[in-house]
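Thank you all for making the time this morning.

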Amino acid sequence: MNGTITKVLSPSSIVIGTVAVHLDDVDASGLNNCAYPYLMRDLEYYIGKNVFVKGNKVYLDLIGAYNSVSVNEQIQMEILSLEKDQEYGNLCESLYYEG
């Protein structure tokens, strides 16, 4: 299936056209009250992007080809980075004062 991301429902669920797609291997359950909304704002980047869907893996469509790293993996890498930042205890403060 090919299409355009029209909405991000959650880190593990996006809408392509009018079809909701669950993203395999994406788990944001470890994010705190500051990191989760930050991630959701960041995921708005994907809205309007053309994608190729293979099973429950989504790949950015690069005009006739597709990115070898799935959107699933990109989102999970960002989640892991945010979880790591949470360990320092000042994640909320740094997210709100970045400008």
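**Starting from Ile-75**

If we set aside the neighbours within four places in sequence, Ile-75 is in contact with Pro-11, Leu-23, Val-26, Leu-43 and Tyr-46, where contact means heavy atoms within 4.5 Å. Before I go further, please keep in mind that this is a predicted model, in which local features need pLDDT of at least 70 and side-chain atom pairs count only at pLDDT 80 or more, while totals for chains, interfaces and linings use all residues. Residues are numbered from 1 along each chain as its sequence is written, and side-chain values use heavy atoms, with hydrogens and water left out.

Ile-75 also belongs to the largest nonpolar core, which has 22 residues, and together with Ile-14, Ile-16 and Val-58 it touches the most other members. By a nonpolar core I mean a set of buried Ala, Val, Leu, Ile, Met, Phe, Trp, Tyr and Cys residues joined through side-chain atoms within 4.5 Å; buried is under 20% relative accessible area, exposed is over 50%, and partly exposed lies in between, with a 1.4 Å probe and protein chains only. At least two residues of this core come from each of β1, β2, α1 (35-43), β4, β5 (57-60) and α2 (71-86). As a general point, nonpolar side chains in soluble globular proteins tend to be buried together.

**The chain and its sheet**

Stepping back, the protein chain has 3 helices and 5 strands, and along the sequence they follow the pattern β-β-β-α-β-β-α-α. These elements are DSSP runs numbered from the N terminus, with helices being H or I of at least four residues and strands being E of at least two. Of the 99 residues in the chain, 36% count as buried, and among contacts with a separation of 6 or more, 55% are between residues 24 or more positions apart.

Let me take the pairings in turn. Strand β1 (residues 2-10) is joined to β4 (residues 50-54) by 3 bridges, and the two run antiparallel; here Asn-2 has Phe-52 as its bridge partner, and Gly-3 has Val-51. On β2 (residues 13-16), β1 pairs over 4 bridges, again in the antiparallel sense, with Val-8 opposite Ile-14 and Lys-7 opposite Val-15, and a hairpin connects β1 to β2 through 2 residues. Strand β2 is in turn joined to β3 by 4 bridges, with Val-21 as the β3 partner of Ile-14, and in that hairpin, which has 2 residues between the strands, Gly-17 takes a positive phi near 65 degrees.

**The helices**

In α1, the buried residues are Ala-35, Leu-39, Met-40 and Leu-43. They lie on the same side of α1, because they cover an arc of only 135 degrees around the axis, the arc being that of the directions from the helix axis to the C-beta atoms.

For α2, the 16 residues should span 22 Å at 1.5 Å a residue, and the end C-alpha atoms are 23 Å apart, which agrees; the expected span is 1.5 Å times one less than the number of residues. Buried residues in α2 include Val-71, Ile-75, Ile-79 and Leu-82.

Lys-84 is 53 residues from Leu-31 in sequence, and their C-alpha atoms are 9.7 Å apart in space.

How values were computed:
Pairing = 2+ DSSP bridges.
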